[in-house]
Amino acid sequence: MASQKIGVFVCRCGGNISDYVDVEKVVESIKGVEGVKIARVNMFSCSDSAQEEMIGLIKREGLDGIVIASCSPKLHLNTFRQMAQRAGLNPYQYTQVNIREQCSWTHTHDRDGATQKATRLVRAGIEATRHSEPLHPIEVVTRPSVLVVGAGIGGLRAAIALGEMGLTVHLLEKADRPGGLVGTRKALFPTGADGTSEIDSLLQRIHTLQNISLYTNASLVKKEGSIGDFSVSIRVEPKDGQDRADTIQLNVGAILVTTGATPYVPKEGEYGYGAKGIVTLREFLDLLDSSRDSDGIYYEGKRVRRITYIYCVGSRQKEGHTYCSRFCCSSAIFASLEVHKRSPDVLQYHLYRDIRTYGSLEALYQRALDQGSLFIRFSPDSPPKVECGHNGGGIKVLVKDLLTSKRELEISSDLVVLVTGLVPRVEQQEVQDVLKLPVGIDGFFNEIHPKLRPVETVVAGVYIGGCAQGPKNAQESVESSLGAAAKAGSILLKGKVELEPFVAEVDEGLCDGCGQCVEACPYDAITMGQRSDGTPVAVVNTRLCKGEGACVPVCPKEALEIRGYGHEKIRSMIRGLLTE
Amino acid sequence: MIKVNDSVVRELRSRGRFDASKCFSCGTCTALCPVGLPILPREIFRYALLGAQEELIKRQDEIFSCLLCRMCEENCPEGVGISGNIRLIRGLLNEKVLGL
Amino acid sequence: MSLKREDVLTILAQNIGIRGSAFPVASSALTAWAEGLGIRKGGHTVLYTGHMYQIIPFILGMQNREALMRSAPSWGMKVARLINPVINLTRVVTLGAAHPLDVLRYNRVLRDVATLLRSCGVEFGYLYEYEEYAGALPYDMGLDRVFLKHAHRVYKKLKGFGIRRLITVDPHTTEMFKNVYPEVIEGFDIEVVNYLELLAERWRPKVKGGGHKRPFVIHDSCVYSRYLGIFEEPRSILRRIGVEFQEPLLSKRLTHCCGGPIESIFPERAKEVAKARMEQLEPLGREIVTMCPICHLNLGAVKDENIQLWDIATILRDIQKEQGGNGNG
Amino acid sequence: MARILVFSTNNISDPGIDLCGSNHMDYPLGVSVISVPCSSGIDPRWILYALEHGFDGVFVAADGTDCSYLQDCTTRTGKVIREAQELAKGAGLDPRRIKMAAICSVCSEAFQNHMKKFDQALEELRGEGNED
């Protein structure tokens with residue numbers, strides 16, 4: 001049932017479009033197009049009054065499909081889908097044509113050219129609407145329970161948030177006690193809060209919430225089902241006196257992955273690592289934590305008077321860990337401030353590539369400068385060299401200082417701190433295998449979009465938070481984990497969820513049962529079934545299908561298409577774009 | 001090669017408020033210097049912070065050419081006490097080189 | 001060729017250390033300005049010149065004798081450094097060098113300051129031959145030990161005279177007593193006020209008729225504007241007596257240096273800085289107001305003949321006289 | 001002016017292309033975009049269809065490593081392109097009229113450059129064609 005009575009609305013967007021595109025001319029040129037019942041110009045299509053007017057027209061003219069040529073669909077696709085729905089139309093028979101970001105704003109110097117291009121784009125939009133089928137979101141009932149994998153500071157906070165929403169929470173921790181990286185830290189930047197007591201107070205809160213179950217020494221081993229109704233198996237390692245591991249079956253509506261990350265450990269000999277006096281950031285923080293009441297800084301009983309920090313160790317490499325871990329600059333600088341405070345006579349040299357103390361953390365950097373820390377920038381082409389003392393001599397760090405036109409400096413140091421970042425945990429692989437979560441080039445779990453959909457994954461109902469999706473500081477871990485908790489909570493509390501209907505569809509008349517699509521599908525969403533006459537035919541499990549379309553190009557018969565992106569629709573859009 | 005000599009910074013700090021480490025080398029001072037000496041004052045501070053006494057001695061003329069007019073200091077985005085720092089370096093040089 | 005830095009610094013250190021002055025000239029030359037004004041000796045509040053205006057004519061004189069020094073053999077300065085502790089070389093070199101007209105002009109500034117202060121009812125004494133140089137030059141040059149010794153001695157002397165308040169007349173002396181001494185001398189408890197601040201607070205001149213149309217151009221001192229934040233005060237006083245003035249692009253907190261501070265070591269560089277400043281001032285008018293003797297000296301060295309430099313005190317006093325008044329309005 | 005069809009993706013390359021507009025960065029007028037969920041789902045037959053019906057070139061703005069669906073998105077999209085080029089050759093069309101590059105959500109400059117270069121390259125191809 002394709003649209004036959006189409007309404008076309010071309011937006012002026014104030015002047016954002018009409019200053020560069022002759023919108024009246026666009027409307028004139030598409031008036032005769034087959035199926036176009038009405039064509040109008042709007043001043044601001046998104047305004048309430050324009051929407052009411054369009055709803056009136058849709059009803060009065062009995063339109064069964066509409067096209068709005070305005071801004072990017074990123075801005076108002078949902079606005080107008082909802083408007084279509086209010087007018088009694090199927091929202092998927094609405095097409096938004098982007099004549100602002102992709103026309104008026106890109107071709108500001110050629111009014112005639114831009115007008116012709118806008119017309120072509122609108123023609124393609126008309127074709128899209130003409131070939132659109134009414135679609136209905138896939139509705140799924142959800143269970144009010146969540147599995148949270150990983151009980152670091154992010155997982156704990158997310159579990160509490162979900163528990164306080166009244167949801168049943170199963171909190172899994174691989175180690176024998178919760179807390180993760182924060183659990184053993186005495187001073188967290190930038191506030192200096194005590195991580196140990198922070199975790200303790202979160203655990204107390206968890207114990208008071210009846211609907212949260214905490215499993216330690218536990219891992220996720222199996223997952224079946226889909227959003228709203230997952231069935232998962234967890235394995236709990238045997239405790240003292242037990243000889244067999246427990247396997248527990250749970251049914252949950254959503255899964256949060258807060259498995260965290262682990263500090264990078266330099267290779268033996270990397271910047272002299274392994275030798276006396278050369279420590280990682282984590283080891284240095286441990287050293288500061290274990291001597292909080294001391295007035296000076298001591299390493300192996302000797303007073304430290306000169307500390308050299310080397311930043312980006314194991315980070316931003318040409319190969320391997322190519323990314324920046326974000327938190328390490330601030331953490332190292334925060335530690336250096338503690339040194340300045342405890343022992344002002346210690347001279348501190350910071351050898352860095354770039355300093356990333358973003359937002360209010362810049363204040364830490366400013367304070368370090370103010371207190372006398374010296375920052376020395378080096379080029380990645382000539383990283384510092386560490387020469388370990390022989391026969392009891394000190395450590396020498398050699399670096400080419402970019403600010404003194406690459407003069408080589410030799411810095412004698414009592415202690416060298418390798419400022420190391422975070423890398424994905426090895427144990428993450430199990431979770432990845434069980435949940436079939438995509439990981440990015442860095443090896444961390446991938447969100448759908450870092451800005452627009454930052455905690456969702458392509459596996460509907462599975463959310464990621466904290467360092468599992470990339471290095472973060474404690475505060476950011478908590479923020480993103482709470483974001484994931486809010487997202488999970490929002491579907492579970494509602495009791496049902498609507499999924500976009502853009503999934504693969506088989507035209508049984510065309511399918512010859514070759515099975516190439518079964519192999520092509522990365523999500524095991526296509527299986528080979530049988531027609532009533534016993535012949536093989538591809539069958540799509542719409543709950544597993546992500547709608548990316550990997551199966552489409554492999555089908556020799558064009559029997560597969562993604563709803564909303566059918567072969568004929570695309571071809572007629574191509575024709576529309578070519579019609580002058 | 002410069003052997004970083006921490007005794008120079010320690011000595012400067014013992015003489016007064018030597019806050020050149022705040023400098024992030026933006027070059028505003030150099031651009032505004034009425035004497036127009038390209039080396040003033042950020043590069044000098046760098047050498048002082050690195051303890052490169054020989055480099056300071058080589059640049060004594062520049063160090064003593066500073067007007068202490070504070071045009072740079074007024075506009076320094078980091079609020080470095082430039083004129084005070086120059087004075088402290090002069091003091092160090094007078095003592096080390098001239099014995100004054 | 002000019003004097004080498006080490007020679008200048010050595011002689012400076014010797015002069016301060018031995019004679020208590022950067023530029024030891026006869027004390028009669030330092031106090032001559034006050035003759036006939038009847039200023040009492042000492043008191044709780046004193047007008048403190050710090051010798052800055054008085055030594056300018058001698059510096060000018062010495063500059064005129066530069067050719068003579070240039071002809072001296074290269075070993076000359078070594079000998080000079082050796083004998084200076086015994087014989088006051090500065091005094092010898094400058095003997096008779098100060099031009100009487102210069103002496104009059106700079107002494108007049110101090111007399112004008114005193115008269116202006118009196119005209120708004122400020123009472124003050126003067127230390128005459130007991131007054132000391134404040135030590136700005138050794139301080140700026142980093143002659144720390146010499147300076148500290150000197151500062152302590154000066155402070156002790158001031159305390160000995162029972163002085164509670166200093167009225168300073170130039171930026172360098174003001175900065176030394178207002179900011180530096182309190183930092184280096186524990187318990188420094190003498191109040192310091194600059195005469196421009198006092199005038200801004202108290203001076204109410206009688207003004208007849210309209211504004212003073214001579215197109216003055218104002219030149220701020222670096223030390224007044226950036227060290228001490230004194231730049232609205234002189235403007236306020238000038239406006240009060242009806243003087244109109246032009247602001248160069250670089251003024252107040254962004255004023256451009258006159259080059260003076262490095263005159264003793266790098267006279268050529270100092271001249272270049274002064275010329276650069278002059279090029280900013282000249283297009284705005286032919287009469288320039290200065291507030292610092294060093295600025296007056298340095299800009300004067302590079303100015304065209306048709307440009308006139310006036311110390312602010314002189315202008316204020318001149319107009320006050322034209323208006324026919326001495327007292328507060 | 002060459003007629004260029006760009007296949008772009010909703011989540012990753014569309015925002016990058018939109019960003020060109022938001023920054024008022026111009027690219028050739030002949031460029032038009034059709035958006036799909038993921039570049040691995042583009043059918044080589046669509047590409048051939050576009051070339052046969054009047055487009056001078058087809059550019060696939062691929063998700064690259066940013067793809068949220070597939071780790072091997074680039075490999076799969078690469079295969080789509082190779083197949084499309086084979087189809088083009090079979091139909092007697094120059095395979096250089098099909099191009100692919102990863103365009104991320106902030107790749108406005110990269111997109112602009114690709115379009116300018118592709119437009120130029122297609123003009124040159126057209127020139128060669130006329131000489132034949």
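The model is a predicted one, so keep its rules in mind: local features need pLDDT of at least 70, side-chain atom pairs count only at pLDDT 80 or more, and totals for chains, interfaces and linings use all residues. Residues are numbered from 1 along each chain as its sequence is written, chains are lettered from A and ligands numbered from 1 in the order in which they are written, and side-chain values use heavy atoms, with hydrogens and water left out.

**Where the two chains touch**

- On the chain B side, 19 residues are in contact with 24 residues of chain A (contact means heavy atoms within 4.5 Å).
- About 2000 Å² is buried between the chains, and carbon and sulfur atoms give 51% of that; buried area is the accessible area (1.4 Å probe) that two parts lose on being put together, summed over both.

**Charges at the interface**

- There are 5 salt bridges between chain B and chain A (a side-chain nitrogen of Lys or Arg within 4 Å of a carboxyl oxygen of Asp or Glu).
- One of them pairs the side chains of R17(B) and D370(A), at 3.8 Å from N to O.
- Three elements of chain B, β1 (2-3), α1 (6-15) and α3 (42-50), each supply at least two residues of the side that touches chain A; helices (H or I, at least four residues) and strands (E, at least two) are DSSP runs, numbered from the N terminus.

**A strand pairing across the chains**

- Strand β22 (residues 407-413) of chain A is joined to β1(B) by 2 bridges, and the two run parallel; strands pair if DSSP finds at least two bridges between them.
- Opposite E410(A) you'll find K3(B), in β1(B).

**A sheet inside chain A**

- In chain A, 5 strands make an open, parallel sheet in the order β8-β7-β6-β12-β25.
- The edges are β8 (212-215) and β25 (462-464) of chain A; each has a single partner strand, so one side of each is left without a neighbour in the sheet.
- Strands β6 (residues 145-149) and β7 (residues 168-172) of chain A run parallel, joined by 5 bridges, and V149(A) has L172(A) in β7(A) as its bridge partner.
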